[in-house]
Amino acid sequence: MSFASIFKLHIKGEPRKFDPKFRGPIHNRRCTDIICCVIFIVVILGYIALGVVAWVHGDPRKVIYPTDSYGQFCGQRDTLNENKTILFYFNILKCASPVVLINLQCPTTQLCVSKCPDRFATYIDVQASYRYRPDQWNYFRQFCKPGFNNPRKSVAQVLRDEDCPSMIIPSRPFLKRCFPDFSTKNGVLTVANQTTFKDGRGKTRNVTDLREAANGINNVLDARSVGMKIFEDYAISWYWILIGLFIAMLLSLLFLVLLRFTAGVLFWIFIFGVIGIIGYGIWHCYWEYDHLKGIPGSDLTVYDIGFQTDFKVYLQLRQTWLAFMIILCGVEVIIILMLIFLRNRIRIAIALLKEGSRAIGYIMSTLFYPIVTFLLIAICISYWAVTAVFLATSGEPVYKVMANQTLCKYANLTCDPETFNTTNVTKLCPGAQCTFAFYGGESLYHKYIFIFQLANAFVFLWLVNFAIALGQCTLAGAFASYYWAYRKPADIPLWPLFSSFGRAIRYHTGSLAFGALILAIVQLIRVILEYLDHKLKGTQNSFTRFLLCCLKCCFWCLEKFLKFINRNAYIMIAIYGKNFCTSAKEAFFLLMRNVVRVAVLDKVTDFLLFLGKILVAGGVGVLAFFFFTQRIPVFAQEVPMLNYYWVPLLTVIIGSYLVAHGFFSVYAMCVDTLFLCFCEDLERNDGSTAKPYFMSASLHRILGKKKLSPKKAAG
């Protein structure tokens, strides 16, 4: 037996036994994949428990409020720092990057203050003048450690113990932290109009020493300013944005209705347009080829001139245009041959698209089901995000030794601030301090926080995929009820969408969870690979980068394949009520027996729906552009005054695309369901009176098979 015959036998599989009384989605069902259902419920309960534990141990204030060197929150109510809402750094020069500051990893003392410094001053100068300028001392010591008021202490000891900063510079609060008040004067970086300052240790420094921090901070400040203006634009234009999205919804509905009449016209216009464009390309290539005849140097080959960075050089060669012409001729011939040999399958695809529009017209409630899916996914995202924040902030204050000497062997070791002064660390490392570093812990819970974060991400992916699977199965059941109705719409059951949703939840939670689990595992692996790729970007190991690239590509392909299999498995589950593996196997073999039809339908559907999304988003976007730029005289007085008109414009365009995508995803699911039912109909029935087709009359005419029974033709 040849390999081809073996493969064909395998694709056909065992002879399937059909129920002669089958009339659409089975109502007498049994629960499927019960074990997976139980595991899914247990995981959800465990996920809730994880959230409760995280909420008990976590403290989001660690994200909201900055923390000083003693682990105390700045600005927290009912504490000594209630009126001290801003974090001040003793030596900002040790914090070259704003990222270091925000992550509280700067190796200098940090205190909560009520306001940032507004002047230049050094501790040496203030101490020298405190007798006759007490106001300067009183101002300066508010940036010293709480309770310190000993100007007679030597400067060396004060700086060693970090009782006070060696200097203060004009600053302004940002992200509740004091940053130098940078500005640019005549292209020169300044702080309070000065380019130099004293560092309090006998040196005069240039503000360019803070250039790295200044660049990052100024960029963030500019972003904050833009962000405030964007917020203002949203505040005064939100209702016009909602109107634009409502128009997008109406256009999406109109497009779906028109597809019943224009699907074929749109597709063929596009196809013949492509053929015409390629034909023009062939003519232009021939014209260039003929035009270059006799011009010196045009008969050289690409091999003769070698590699050139200027592409225009190749356009001066006849050989280049000849190659272009041959390639375009090949593409043209392939397209024409495909249209000739696949014309019947293209007609079937277009007929299914029209049938899908008709089905949605009878079950209009399906168009609004994506709102349910959106709400479920929004709940999953919110729970995941909150749990992740509480997990990330569920540690206890960890203190580490901060030493000025680089050779101190105790540097970065954990310490206890209450007993630190009684240890030998201060003697061996003069100036060392036990300061707050980050939140963590040594308990079993704290050791496994990273594992809990992974579990949080994994269950999140599982729940999101389950919500999508539930929507696909629900819609498939509703549209299958339409297809298998012998007389449409008389035989369509009452409330098909709600009935399908009830069947999916009651009987097939386990099967949907099984499919979602497989997809979630692959997606988690992809996330881990992306993380590893990000961490290893700087490595010089070419083999490691190549291996990661291959793995990312393979798992991307696997995810796409699993989404395709799951989608069709859910359709079979909605129709027959079998378990996930059986449904996936039957759907796969059924599609393989109709692989050409699958490919044609998929591409035709993708094109028309993409065209619809572009038309809706583009049409509403053009209308919004003319409105927000006051180019519509009738509404010129109604246009709000905006900082950036592109803010509501982009929101309307992106929102319109998402609205269209939501409606068209229902349409795509409808077409896929009808196609699978169509393939089943062809295998189950032969068009006779005993086994009549359930397909529409237009599909039946395209097939050119036996005539429909009188009742069907009349219906």
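Me: How far apart are the sulfur atoms of C144 and C164, which form a disulfide?
Reply: In this predicted model, C144 and C164 are joined as a disulfide. A pair of cysteine sulfur atoms has to lie within 2.5 Å to count as such a link, and for C144 and C164 the separation is 1.9 Å.

Me: How many residues apart in sequence are the parts that the pair of C144 and C164 ties together?
Reply: The link of C144 and C164 is right-handed, with 110° about the S-S bond. C144 lies in the loop between α6 and α7, whereas C164 lies in the loop between α7 and β4, so the parts that the pair ties together are separated in sequence by 20 residues.

Me: Is C164 buried or exposed?
Reply: Buried residues are those under 20% relative accessible area. The relative accessible area of C164 is 2%, and C164 is therefore buried.

Me: Which cysteine has the sulfur closest to that of C581?
Reply: C581 counts as partly exposed, at 45% relative accessibility, and its backbone nitrogen lies within 3.3 Å of a side-chain oxygen of N579, at the start of α19. A disulfide requires sulfur atoms within 2.5 Å. The closest cysteine sulfur to that of C581 is 9.6 Å away, too far for a bond, and belongs to C36.

Me: What is the torsion about the S-S bond of C116 and C178?
Reply: C116 and C178 form a disulfide with their sulfur atoms 2.1 Å apart. This disulfide is left-handed because the torsion about its S-S bond is about -95°.

Technical notes. Residues are numbered from 1 along each chain as its sequence is written. This is a predicted model: local features need pLDDT of at least 70, side-chain atom pairs count only at pLDDT 80 or more; totals for chains, interfaces and linings use all residues. Side-chain values use heavy atoms; hydrogens and water are left out. A polar contact is a pair of N or O atoms within 3.5 Å; within protein, one must be able to donate a hydrogen and the other to accept it, and residues adjacent in sequence count only if both atoms are side-chain atoms. Helices (H or I, at least four residues) and strands (E, at least two) are DSSP runs, numbered from the N terminus. Buried means under 20% relative accessible area, exposed over 50%, partly exposed in between (1.4 Å probe, protein chains only).
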